Amino acid sequence: MLTTVKIKTAKPQERSYKLADSGGLYLLVQPNGSKLWRYKFRVNGVEGKRALGAFPEVSLADARGLHAEARLLVAQGTTPLQAQQDKEIAQAQEQLERVKGTFSAIVSDWNTATSASLRASTVKQRNREIDNDLLPKLKNRAIGSITRLELTAQLKVVEQRAPEVARNLRNHLWGIFEYAIDSGLIENNPVPPVRVMKKRTQTNHPALSEKQIGVFLRTLDGTGRINEETRIAMLLVLLTACRKAEVIEGQWDEVNLEGAQWEIPAERMKAKRAHWIPLSTQAVALLTRLRELVPANREHLFPNRVDPRRPMANRSLNALMERLGFSGEGTPHGMRASFSTHFNSLGGNIDVIEHCLAHVPANAVRAAYNRHAYQDERRAMLQQWADRLDQLRRECVPTEHECGSAAPLNPTNTTESKPRHTRTRSERAVARPNAKAVPLPATVVA
């Protein structure tokens, strides 16, 4: 057993030597005169050493106290080194949780890390849903304290009001907690599985029949209450067979009027693949007119009225169809189905149809190696479709949409025979069925 006197009188030698105490504790005397406390142990048959400090900074009593703590760990099968590392990790974890461990902090970091690859409209919707239904209750909660049970309960509350929003929130939560795992804040993801959500009732977007499209076009052309840019956007959705967002978020640098083509970059497409659109003569006429309406310094084809730096509001075209009385009968997206139905019924080339719709072939090999873009065929098909729309506009048999009090377009109506000064405002609009409409080129239907 060592004593303080023995330690103080120990002289350095040419080589290091040990002065043993007990239980594996010893003092290592170095040639330079330094005296170092060491603990030698074995855990599961593997030898190890633990440094306990230097004398006189660590006294004999202090060294024996540290030795006793280390021996207890060894008796439990844990090396002192591993215990020290675990302690340091725990301290770092605690510090990380203090700085970045709240739910709102993780959401902010996750949003920054993932937003760059998403469309601006997607990020805006995601943030709105999180701000409305997650942050009010979870904002200041430690990320590790949030349980699956409470997340399930919260999603169920939202599901009663808006099932689709609840499904979106579950997806957002999954990404947020996976980010927290990757950041070292938690080890397990508490987000409930998909099975806790009600099964989605899959419904297709309502699509107008060809007869209804004719009525819709006449109604669209016959009312003077529609902003002309909005009307052009609706017609371009029809003429290009594009998705609504692809049209209303369009930018002028994507359009080549002289070449009668429009190329949408990959980042704006649902499948993240650039989409080339041949423009019919009718589409070129509309875009030419739109160029006259939109200030030259605007980036978007359809600038937002409130903030011109952004595109037209996403629901503008849906609201237009509802306002014209077609709610429940069709949607802007459903126009794509009308296009597909028409050409499939004629036995059109399915590959050409799918390319027009910007659908990626289901066969991955075919998608990778089929380099033929069917450009000539697609140009002919979209021109044929534009001509067909003009034919439907002319051949349409009026229905209740045209015969209602708001916009009486019935040819049997006596409006035309009434003196102009005696007509109502809506009757005068009907008498000018193309009021505020962009004149389209005359076409011959094959």
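Colleague: Which elements do the buried residues of H17 pack against?

Modeller: They pack against helix H9 (210-222), helix H10 (228-240), strand S7 (275-278), helix H12 (281-293), H14 and helix H15 (350-356). Helices (H or I, at least four residues) and strands (E, at least two) are DSSP runs, numbered from the N terminus. A contact means heavy atoms within 4.5 Å. Buried means under 20% relative accessible area with a 1.4 Å probe and protein chains only, exposed is over 50%, and partly exposed lies in between.

This is a predicted model, in which local features need pLDDT of at least 70 and side-chain atom pairs count only at pLDDT 80 or more, while totals for chains, interfaces and linings use all residues. Residues are numbered from 1 along each chain as its sequence is written, and side-chain values use heavy atoms, with hydrogens and water left out.

Colleague: Which residues in H17 are buried?

Modeller: Arg 378, Met 381, Leu 382, Trp 385 and Ala 386 are among them, and so is the run from Asp 387 through Arg 388, Leu 389, Asp 390, Gln 391 and Leu 392 to Arg 393. In an α-helix with 3.6 residues a turn, residues three or four places apart point the same way. The length of H17 can be checked too: at 1.5 Å a residue its 21 residues should span 30 Å, and the end C-alpha atoms are 30 Å apart, which agrees. The expected span is 1.5 Å times one less than the number of residues.

Colleague: How many aromatic pairs does the structure hold?

Modeller: A pair of aromatic rings is described by the distance of the centres and the angle of the planes. Rings of Phe, Tyr and Trp (its six-membered ring) pair if their centres lie within 6.5 Å; planes under 30 degrees apart count as stacked, over 60 as edge-to-face and the rest as tilted. The structure holds six such pairs. Phe 339 and Trp 385 are both buried.

The pair of Phe 343 and Trp 385 is tilted, because the ring centres are 6.1 Å apart and the planes stand at 55°. With Phe 343 in helix H14 and Trp 385 in helix H17, this pair ties together parts that are 42 residues apart in sequence. Phe 343 counts as buried at 3% relative accessibility, and Trp 385 has a relative accessible area of 0%. Phe 339, Phe 343 and Trp 385 form one aromatic cluster.

Colleague: Where does the charged end of Lys 18 sit?

Modeller: A charge sits over a ring if NZ of Lys or CZ of Arg is within 6 Å of the ring centre and within 35 degrees of the ring normal. The charged end of Lys 18 sits over the ring of Tyr 26, 4.8 Å from its centre. Likewise, Arg 126 lies over the face of Trp 110, 4.1 Å from the ring centre.

Colleague: What order has the open sheet of four strands?

Modeller: Two strands pair if DSSP finds at least two bridges between them. Here the order is S1-S2-S3-S4, with antiparallel pairing. Strand S1 (17-20) and strand S4 (46-55) stand at the edges with a single partner strand each, so one side of each lacks a neighbour in the sheet. From one strand to the next, the twist averages 30°. Strand S3 (residues 35-43) and S4 run antiparallel and are joined by nine bridges; Arg 38 has Ala 51 in S4 as its bridge partner. Helix H2 (residues 60-75) packs on this sheet, touching strand S2 (25-29), S3 and S4, and its direction makes about 15° with that of S3. Axes are lines fitted to C-alpha atoms, for helices over the stretch in contact, and angles run from 0 to 180 degrees between N-to-C directions.

Colleague: In what order do three strands form an open sheet?

Modeller: The order is S5-S6-S7, with antiparallel pairing. Strand S5 (255-256) and S7 are at the edges, each with a single partner strand. S5 and strand S6 (residues 261-264) pair over two bridges, and Val 255 has Trp 262 in S6 as its bridge partner. H17 packs on this sheet, touching S6 and S7, with its direction at about 50° to that of S7.
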